[in-house]
Structures are given as C-alpha cells and as structure tokens.
Amino acid sequence: MSILLPNSQILCRSEIQQQQQLLSNTANGLKSYGFGFDRNKSEQWKKIAKKDIIKTYSFWPDLSRPTAVEMEPIQDSEQLDKALDRAKELSQPIIIDWMANWCRKCIFLRPKLEKLAAEFDTKLKFYCVDVNNVPQALVKRGNISKMPTIQLWKDGEMKAEVIGGHKAWLVIEEVREMIKRFV
C-alpha cells in the first residue's frame, strides 16, 4: 500500500523500495526453504519483477510541471500594448485567444488552450480577449471576424492565426504547428 505524497518522486521511491523488498524476501524464501522451485526460474522471475518496477516508475506522471496555465485576460488596448511590449523585451511571441462567453466552441476550446499553454509555459505567454467585454477598437485592431480566433503576435504585429470553427483537437494541432513555426 502506498501513501500519496505531494512529491511524486518520494512516492515512486517508496513504491520501488517496497517492491524490491518484496522481491528480495521472496527470492530469499525460495533459496532458503527450497519449496521445490528451480533456481533458474527464480532468477527469471527476479528479472521480470525488475522490469515491472521500471515500468511503474516510468509511467508515473511528472507532478512538478503544471498541467494547465490560466490565460491572462486583456480588457483594453493599453493592456494589449503592455503585453506586446513585454513580449518584445523578452523576444518571445504571444498567443491571443479572441473568444466570446456565449460561443460554445470558444468555451470548449479554452481548457485545451490552457493545457497547451502549460506545454509551452517558458517559451510564450497566452492571453484571452472576450470580444463582448472590450471596446470595439480593440476587436478591429485584431481584425476579428469569426470566433474563436487564435492569433500569434510577434514583434508587435500579428504573424499568424487559426480560426477555430472545426473540431477542437484539430484547432489545437494547428495552433501547435503555428507555435513551432515561430518559436
């Protein structure tokens, strides 16, 4: 039995130690008591058990990285200018998700974009703009006609965009390819 701890490596280490202890106790029992088992078969069993331990360790999720990063909202042109200036200073592109609260595809796409933001956490920053809650001048500046629209901005100007009118997993793949082109 294992206890969930905040550090995944401690949990894996304790799990591996328990399995190794079980392995050594069982192997010693086979050697010392001789229950009629063949020594070669017990050695083969040890190898199989060690492989299972390695598999258990390798498939444990890495809890040190976030699984999703919340997108920062942009409310007006000043915030957009600040975000673009910060991106210029860091020489990193930014992703802006132009969406609306009433749009089902936008709502469905947002958590997937936040997971993608966690994947590219150190390389670029993700922002979102609710087109119904911002001035129309900002929407015109982004040249938005359909939603959801995901744009990549670099050096203060829009370089590429994906209009997400189809399945979310296809949109995410297109956004991932767009990011890889410019990062």
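Trainee: Is strand E4 (residues 149–154) mostly covered or exposed?
Mentor: Mostly covered: five of the six residues in E4 are buried, meaning under 20% relative accessible area with a 1.4 Å probe, protein chains only. Keep in mind that this is a predicted model, where local features need pLDDT of at least 70, side-chain atom pairs count only at pLDDT 80 or more, and totals for chains, interfaces and linings use all residues. Residues are numbered from 1 along each chain as its sequence is written, and side-chain values use heavy atoms, with hydrogens and water left out.

Trainee: How many bridges join strand E2 to E4?
Mentor: Five, with E2 (residues 94–99) running antiparallel to E4. Strands pair if DSSP finds at least two bridges between them. Asp97, for example, has Ile150 in E4 as its bridge partner.

Trainee: And how many join E4 to E5?
Mentor: Six, again antiparallel, with E5 covering residues 157–163. Thr149 stands opposite Ile163 in E5. E4 and E5 form a hairpin with two residues between them, and Asp155 in the turn has a positive phi of about 55°.

Trainee: Switching to helices, at roughly what angle do H4 and H6 cross?
Mentor: Roughly 35°, with the axes of H4 (residues 104–119) and H6 (residues 168–182) coming within 10 Å. The axes are lines fitted to C-alpha atoms over the stretch in contact, and angles run from 0 to 180 degrees between N-to-C directions.

Trainee: Which residues meet there?
Mentor: Among them are Phe108, Leu109 and Lys112 in H4, and Val171, Ile172 and Arg176 in H6, where contact means heavy atoms within 4.5 Å.

Notes. Helix = DSSP H or I, 4+ residues; strand = E, 2+ residues; numbered from the N terminus. Buried < 20%, exposed > 50% of the residue type's maximum accessible area, 1.4 Å probe, protein only.
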